Amino acid sequence: MGNELNIGTRRIGMIEGFNPGTPSIPAALERSDRGIIATVTWSSSDDLFASWFLRDSEIETITPRLEDSPVSRELIFKDSRGSVMLVGCYANGFTISIDGSGSGNLWASAAIMGPRKNIEFDKPHGIRTDISGLRAWLGKSSWQYLPRDGDRPNGATIGTCEVPDIEIGELGGVRISLSFGRSIEAKEDGDLTVLADYSRCVTRSQEPLAWDVHMGFHRAMRDLLLLSRWEVESCREASALRCDDPLIIGNGERRGENWRKVVVPDEVVRAAATGYRPHLFKYSDFHSAGLMKWIRLRDEFARALDPVISSIQLMSVSPNALLAQTGPGLEALGYLLMLRDGVSNAKAEKEPLRRKLERIVQDLGDCLPFSSEEWTDLTCSAYNSLKHANRKAPDPVNVMNSWRECVLVVRAWVGVELGIPLDVMKERLSCDPQKNPYKGVS
């Protein structure tokens, strides 16, 4: 059995920290639906590992509390299968007996498979992610169908092809690119062979950077696809790179980069969307220069885009909650556009909601599949009714349609901002499923 950490896996081995004086003790490493957990035990409440759990409790110990020994942010687990580095560790949950012995759970934000020494993977030099729908959106493949053999009319020949990386650019010391690859995997005792085709978003930096700094660029790419066809898209860390952890062969010779497999607690991967749902944006619209422009735009207008994008995760909530989530994003977008126009901060802040909404649609011409004036009226009425308890509660169907149109306005604005002509945007919006209104059921 290989060095893997699949859901349901429980491994018994030894765990140690990298803080000075941290001992190596037995531990059980488990990955479940709850997360990645290392369970450690101690025989005395004065042991170092015990102090990680007891330091903030009111439990008394024989010797003074080890206040200078916080939980190691990085721990390494080793057993017969190999090593697992646990990153972003924190102590949460313990039991203790009257004699001082006990056990506690150490939770990890991520697990890096394979390192055997202290490498600061909480600040990697590179991260690769799998983003659902990315390869199909780019329209590229590492496989190709070859001409059929005339003697085998029912046969098929599939060959491989090399797809060059797409270099997006560099921002804040981080180089961003898209890479392509393939794999062949035998399943069900060889009865099933799976040919995988993938594209990955890659970030690299000369200096090690915090995980979230890297992931900000990856999530921006995911958000572009999400806005493009308004489908939930996943962004899962696949591997991480440290320049001080090179690939070494048996004789000790260095052989280039060593991308380590990453396991994170929440590894939800979206399956390919069923049915046809057209994209509002296409890679051919802006290529790599447009992708870099989007990353900058995503950062500049984060306060406007975050509430709108995150509303897609709230489809099981009430219409009021959806509009309450999205409304501030529309207000922020109008406000930020006014600032970009040169309006003073004080004046832009005092502008009513209607004026801010009118500023947004000012950039969209007649491309929307509904009246911009009617949208402004509906949204002002519904959103203000939600904010002010002295007003009559809005009709739920009107609220849902207001939210739907708010999202479509933001999606259209992003496309136009990235350079898609208004006539092209108008044609695509006319085919977008989100243009269809909700209707009440009596």
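1. Axes are lines fitted to C-alpha atoms, for helices over the stretch in contact, with angles running from 0 to 180 degrees between N-to-C directions. In this predicted model, local features need pLDDT of at least 70 and side-chain atom pairs pLDDT 80 or more, while totals for chains, interfaces and linings use all residues. Residues are numbered from 1 along each chain as its sequence is written, and side-chain values use heavy atoms, without hydrogens and water.

2. The protein chain holds 11 helices and 16 strands, where helices (H or I, at least four residues) and strands (E, at least two) are DSSP runs numbered from the N terminus. Of its 442 residues, 46% are buried, that is, under 20% relative accessible area with a 1.4 Å probe, protein chains only.

3. Helix H6 covers residues 319-340. A kink of about 25° occurs at Thr-326, shortly before Pro-328; the bend is the angle between axes fitted to the seven residues ending there and the seven starting there.

4. Buried residues of H6 include Leu-322, Thr-326 and Leu-333. The helices against which the buried residues of H6 pack include H5 (302-310) and H10 (396-417).

5. The axes of H6 and H8 come within 8 Å and cross at roughly 70°. H6 is therefore roughly perpendicular to H8, a term for angles of 65 to 115 degrees. Contact (heavy atoms within 4.5 Å) involves, among others, Leu-330 and Tyr-335 of H6 and Leu-353 and Ile-360 of H8.

Notes
The expected span of a helix is 1.5 Å times one less than its number of residues. Buried means under 20% relative accessible area, exposed over 50%, partly exposed in between (1.4 Å probe, protein chains only). Angles under 35 degrees count as roughly parallel, over 145 as roughly antiparallel, 65 to 115 as roughly perpendicular and the rest as oblique.
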